[in-house]
Amino acid sequence: MSRPHPLAGKRILVTRARQQAGKLAEALEALGAEVLRLPTIEIIPPATYAHLDAVLEAISGFDWLIVTSANGAAALAGRMRFLGMDAGRLQHLQVAAIGPATAAAVGRIGLKVSAMPQEYVAEAVVAMLREKVVGRRVLLARAAVARDVIPEQLRHCGADIHVVETYRSVIPSDSIEQLRALFGEGKPLPDAVTFTSSSTVNNFFSLLAAAKMQMPPGLRAVSIGPVTTSTLSQHKWEPAGEASPHDIPGVVEACVKLLAP
């Protein structure tokens, strides 16, 4: 019989944005973990809404909408509300979403997801859509800085793809002091630190540099999936665990596999 609190006594650091950390933190706490929080990302509006507004005004000319994150879906919904735009204007679109969290956020807009890959990575989106988007106008709603796998490869497949920035992710200014408090001299290391995107990895290392601190030796990372793992590897840090499936429940399960006695 499984233990009800397999993470009892374990300290796990969550690096997600403040507004996103709750679900992961609650799931870990329910299994007995002490959750430490270090937001490495803050979600802010795009530098300008001009492009997004123009695309939404011309949305009737698009056939597909691809949304790559719950953040992107939430930002899209917020701008539609600001413009007084009803979801009915987008009902003609075929919608692709990466992962169940993104699909749920798209559903909250009032749109139906018609395609979701089995693996929650850009390459799987391309494989899923390559036959469906030939000669179609496709709108990709995403962060300001993101991998270009989807637009580049779908263009090769014959899609007329437009990329629109719906939000930006920046490093929270107060997280430098939080990092110093967590990893200061004499402080006990967390048992693991979770990373749910490449941005959380890159920003974690940016915070270390800003705090003039070295990577704490012996710190173990848990990655949400292969893209995040690749980013960790680029920083010479091989994760001790990787989620499967590549979502928040998968991260929790990876923590249990790594840390449960």
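Analyst: The model is predicted, and the labels are taken in turn below.

User: Why is His-51 called partly exposed?

Analyst: Its relative accessibility is 42%. Buried means under 20%, and exposed means over 50%. The 42% of His-51 falls in between, so the residue counts as partly exposed.

User: What does His-51 touch, leaving out residues up to four places away in sequence?

Analyst: His-51 touches Val-163 and Val-164. Contact means heavy atoms within 4.5 Å. His-51 itself is found in helix H2, residues 50–57.

User: How far apart are the C-alpha atoms of His-51 and Glu-165?

Analyst: They are separated by 7.8 Å. Along the chain, the two residues are 114 residues apart.

User: How do you describe the way H1 and H10 come together?

Analyst: Two packed helices are described by the angle between their axes and the distance between the axes. For H1 (residues 21–30) and H10 (residues 248–259), the axes come within 10 Å and cross at roughly 35°. The crossing is right-handed.

User: Which residues make that contact?

Analyst: H1 contributes Lys-23, Leu-24, Ala-27 and Leu-28. H10 contributes Ile-248, Val-251, Val-252 and Cys-255.

User: What is the volume of the largest pocket, and what lines it?

Analyst: The volume is about 1,400 Å³. The lining has 47 residues, with Thr-68, Ser-69, Thr-196, Ser-197 and Ser-198 nearest the centre. Elements that give two or more residues include helix H3 (70–83), strand S7 (160–170) and helix H8 (198–210). H9 supplies the largest share, six residues. By class, the lining divides into 21 nonpolar, 21 polar and five charged.

User: How much space lies in the second largest pocket, and which element gives the most to its lining?

Analyst: About 190 Å³ of space lies there. H3 gives the most, with seven residues. H3 and H4 each supply at least two.

Terms used: Residues numbered from 1 in each chain as written. Predicted model: local features only at pLDDT ≥ 70, side-chain atom pairs only at ≥ 80, totals over all residues. Heavy atoms only, no water. Axes fitted to C-alpha atoms, helices over the stretch in contact; angles between N-to-C directions. Helix = DSSP H or I, 4+ residues; strand = E, 2+ residues; numbered from the N terminus. Left-handed = near helix turned anticlockwise from the far one by under 90°. Buried < 20%, exposed > 50% of the residue type's maximum accessible area, 1.4 Å probe, protein only. 1 Å grid on protein atoms, 1.4 Å probe; cavity = no way out; pocket = protein on both sides within 12 Å on 5 of 7 lines; lining within 4 Å. Points joined across faces, edges and corners; volume = space filled by probe spheres on them. Nonpolar A, V, L, I, M, F, W, Y, C, P; charged D, E, K, R; others polar.
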